[in-house]
Amino acid sequence: MQDNPKVGDDSINRFCRQYLQLERDLDYPPADFLREAEVQDDLYRSIFAEDALPYPPPRRYQLRVLKELMSRIESSIEDWDSHGVSDDLMTALSTLLALPLPSEFDAAQQKSYVTYTLSLLDPSTLPVPLPAQITLLESRNLISAAGTTGLRTWEAALHLGQFLTAKPSLIRRKHVLELGAGTGYLSILCAKFLAAATTIASDGSDDVVSNLPENFFLNGLQESKSIRAMDVKWGHALVGTEDEHWNGGGPVDVVLGADITYDRSVIPALVATLDELVAMFPHVAVLISATERNRETFDVFLKACEGTNFHVEQIDFEIPPRPGQRGPFYNDQVPIRICKIVKYCQAGVRFTTQRWEVELGKPLTIAWADANGAVNVTLVEVTSEGLDEIFGIVANYTENTFTWTPGNGLGPGRFALRICDDGSIDESPRLSLSGSSLERNTARRDAGETDDSRRDSDDDGLPPGAAAGISVGSTLGGVLLLAVVAVLIYRGRQGRAKPEHQEAGGRDEGKGKQKETPA
């Protein structure tokens, strides 16, 4: 269903969006609109015609809404000569009345198509025009027979989705993991509308995980390689004994969770899984949305986070008042918190370098603090598969700073430095190494010139190797070298003086003998 601009009043579009979301209490358009034939025709074509919706609401819901709508239309008409009731709407009502309908109990056990409208989505950000809607197959009863709450979309997911839609850069080109995905609302939002690089919709319920592909299909993602369902049970080790890496070594940039703190009994397992994820991906952003039904339960979550050195920062994003909501629609009377969770690193080693400027041949001073014993610093490359270690920069080092000069062997790319001590790991921000410096150095090497030879020529005007392979790097070194040369020359001259004197005496004696020889 698309919004119809001809109607001229937002109340019509708002009513249709609420209808698609199966809202119990709908805001019907005002009487002066309902009595108009054009409005009735638009309502019929938009939501009540047989082929109007690919995934219509349940018949019992259609009948209830249409009966109420017809009653309001009739009440709005003051002059039956000027206004009337749409024949198409009357026919739709008659058809529904003639169909056999399930009982209320049976209907409550059946799944229903629910369509949510993304009112904050900017259509210009989409690569192709798409209806700003997510359709899900949900169980509208609160808890299934298996005990899971993951078969319907909860308010906290809708609120967090609005926050992400308002700030799409948090997701764009990021690798997203949703915990307790349920119907997959947030995962589908990220994969289809917010341009996530990859999205994993995870849940600990087998029933929920098996239902997720159907919701992917309803939103045209059945062939997408950017989204998939995964079984993740909180508190269980993510990496099994037979696995070298979790998720095949794929990266995770953002972890999302909505209404996953409602049960205090699962909170320790949840926090343990968050802790393991942060250990794997130190720079991951964790966003949790929680409806505060019970303050004590949320306090249990906060206390568990504190015990794991997590810092919980509340994000200010208000619930829009119900009258101002344009979709999705959710309760504005119960607080919903959006929290950012970061690891409190004071108990472990952490980089303290203020400026990360990496340039070939330029020294970079790396600083850190709170190390427990010696540290190892390595250079890793950021790839599509994760972080690959390139080489070690320093090992078993006990100081708090180290100066490293990137060599010419590094090519352009994205890198990071990783530091670890006995029990903790930290990583630098992602570092970009441009190809310009590398290209300049490569050009000089191809021309037969090296950095050292160029420096030697600039310093003393001599060609490379003129000092018998000795490189002088400072004024003091030059003085010492000259002193050594002077001593060697002095000793050489003394060594040559004695033989020359003896040879001269021998020559004089020879001449004297020649004179004494008779002619």
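Buried means under 20% relative accessible area, exposed over 50% and partly exposed in between, with a 1.4 Å probe and protein chains only. The model is predicted, so local features need pLDDT of at least 70 and side-chain atom pairs count only at pLDDT 80 or more, while totals for chains, interfaces and linings use all residues. Residues are numbered from 1 along each chain as its sequence is written, and side-chain values use heavy atoms, with hydrogens and water left out.

**View A. The ring pair of Y116 and Y185.** The ring centres of Y116 and Y185 are 5.4 Å apart and the planes stand at 75°, so the pair is edge-to-face. Rings of Phe, Tyr and Trp (its six-membered ring) pair if their centres lie within 6.5 Å; planes under 30 degrees apart are stacked, over 60 edge-to-face and the rest tilted. Y116 belongs to strand 1 (residues 111–117) and Y185 to helix 8, so the pair ties together parts 69 residues apart in sequence. Helices (H or I, at least four residues) and strands (E, at least two) are DSSP runs, numbered from the N terminus. Y116 is buried at a relative accessible area of 1%, and Y185 is buried with 1%.

View B. Eight of the nine residues of helix 8 (residues 185–193) are buried, so the helix is largely enclosed by the rest of the structure. Among the buried residues are L186, I188, L189 and F193. Just after helix 8, A195 has a positive phi of about 60°.

**View C. Helix 1 against helix 4.** Helix 1 (residues 10–20) and helix 4 (residues 59–76) pack at about 150°, with axes 11 Å apart. Axes are lines fitted to C-alpha atoms, for helices over the stretch in contact, and angles run from 0 to 180 degrees between N-to-C directions. Helix 1 is therefore roughly antiparallel to helix 4 (under 35 degrees is roughly parallel, over 145 roughly antiparallel, 65 to 115 roughly perpendicular, the rest oblique). F15, Q18 and Y19 of helix 1 meet Y61, Q62 and V65 of helix 4 in the contact, defined by heavy atoms within 4.5 Å. Ring pairs link Y19, F48 and Y61 into a cluster.

View D. G327 and P328 are joined by a cis peptide bond with omega of about -5°. P328 is in the loop between strand 8 (310–315) and strand 9 (336–343). N309, in the loop between helix 11 (295–307) and strand 8, has a positive phi near 60°.
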